[in-house]
Amino acid sequence: MSFFPDGFLWGATTAAYQVEGAVVEDGRGPSIWDFFSHTSGKTFNGDTGDIACDQYHRLDIDLDLMAELEMSLHRFSVSWSRVLPAGKGTVNQKGIDYYERMIDGLLSRGIQPMLTLYHWDLPQALQEKGGWANRDSASYFADYAGLINRRLGDRVAFWNTLNEPWCVAFLGYRDGILAPGIKDEALAYKVVHHQLLAHARATEHMRADGTKGRIGLALNLVSEIPGSTASQDVAAAHRMDGIENRIFLDPLFKGHYPEDIVRFVAPVTDFGFVHEGDLDAIQQSLDFLGVNFYQQHITSADPTDPERKVRVAVPGKRGSAMDMDVAPEGLVDVLLRVKRDYGDLPIYITENGMAAQDKVDPDGRVRDAQRIEFWDERLLAVSEAIEGGVDIRGYVASSLLDNFEWQMGYSSRCGMVYVDFGTQKRIWKDSARWYQRVIVSHGAIVGALRWE
Ligand code: FCB
């Protein structure tokens, strides 16, 4: 039996660059993702978000779809360069108008907006000033947050300042897989800190202006398992936990970076970018924690250099398209762990889902039974964590629509609604029809449904 408390919110997610399209329309400025996706060899098949789901022109269609799904929460992001084409300075009123239509359209359909301020699309003009490696990015971000809060904040109940800052720092600045495509390990740590500082300064700014909403950020937390009980493997898994989870959780909840990690990365950086007062601001910044959950890592020490190198296995139950099909126990484990080590702040699951190569059958149906089973098991896991005492207030399925999956382009589909990118037709997958029933029953059918 599953259990979800009264007031638990049910949602689905999108992100601006993944769905909007209209990248040169109505005064929008370029972002790092426009540049990155248009650089040869950076995305699968050279795919870009130029058109994506064309949501900029189809907003009402998608809002009606969300209403029909009976969603009570929608997580979306604002494109910074649509409202501030150069990242700072001149405001593009048409950009503000678009998000106003989004928010009012949600509210008039009984759906609470959860607004993400930064889902990876830094204005290109700010990248040219060093991007997140420049400490000033924190104050540019705070000004941008202040602007959105002043114009739209009276109607926004939930804010995510940042989405998955780990991915921005390590995949964007260390591994070069995501925009801006830089490969510099030392910079990655600086970018961790500047993003946390940006989050803290934005929160301060919005609170000083008397924001009505609650402010959080969305971390992609990883379930970490040692490859064996051998002490070297346990130590290696602890180190992974430090680099993937504690590097954000410790400063946010405890006001310091994990000491073992600071020591471990000393050959690369001395953390000299942390200034006095930064960590106090960061520690006071959260009203809730957003948890994006996709991964479990089984880590062992690499025998060639057990003190520094690791071997990581990524278990996928059914080998889903993007290695995201993590066993549901991993989600329970992550949620209980946050409570145990960091206390009782309210949690929203801000993303959870899987990719697949969905197809439209000749009868027009998209039979994604695997995704139904996936979400069903994860929702049971959420319910188990709630019964274990974790204060979880909502679940946001990832994602609402098939969309531009970053470096994977359009090669993988994560939506509960299929998008035919040729015609822009939206087709409900079986999982959308199932999720609608989950929402209507307030979760009662979770764990109980046989879907034909
Ligand atoms: C997450 C991103 C989200 C989506 C999923 C599949 O890392 O936050 O936008 O692409 O992966």
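I began with Pro-180, which I located in the loop between helix 8 (165-174) and helix 9 (185-208); helices (H or I, at least four residues) and strands (E, at least two) are DSSP runs, numbered from the N terminus. I then read the peptide bond from Ala-179 to Pro-180 as cis, with omega near 10°.

I note that this is a predicted model, in which local features need pLDDT of at least 70 and side-chain atom pairs count only at pLDDT 80 or more, while totals for chains, interfaces and linings use all residues. Residues are numbered from 1 along each chain as its sequence is written, and side-chain values use heavy atoms, with hydrogens and water left out.

**Other backbone entries**

I found a cis peptide bond from Ser-398 to Ser-399, with omega near 5°. I placed Ser-399 in the loop between strand 9 (392-397) and strand 10 (417-420).

Ala-22 belongs to the loop between helix 1 (16-19) and helix 2 (32-37).

**Helix 14**

I checked helix 14 (residues 369-387), which has 19 residues. From its first C-alpha to its last it reaches 27 Å, close to the 27 Å expected at 1.5 Å a residue; the expected span is 1.5 Å times one less than the number of residues. After helix 14 comes Gly-389, whose phi is positive, near 100°.

**Ligand**

Which residues surround the ligand? I listed Gln-18, His-119, Trp-120, Asn-163, Glu-164, Tyr-294, Glu-351, Glu-405 and Trp-406, where a residue counts if one of its heavy atoms lies within 4 Å. I sorted this shell by class into three nonpolar, three polar and three charged residues.

I next looked up polar contacts (pairs of N or O atoms within 3.5 Å). An N or O atom in the side chain of Asn-163 is 3.0 Å from an oxygen atom of the ligand. For Glu-351, a polar side-chain atom lies 3.0 Å from a ligand oxygen atom. For Trp-406, I recorded 3.1 Å between a polar side-chain atom and an oxygen atom of the ligand. Taken alone, the ligand exposes 290 Å², of which the protein buries 91%, by the Shrake-Rupley method with a 1.4 Å probe.

Note on methods
Polar contact = N/O pair within 3.5 Å; in protein donor to acceptor, adjacent residues only side chain to side chain. Nonpolar A, V, L, I, M, F, W, Y, C, P; charged D, E, K, R; others polar.
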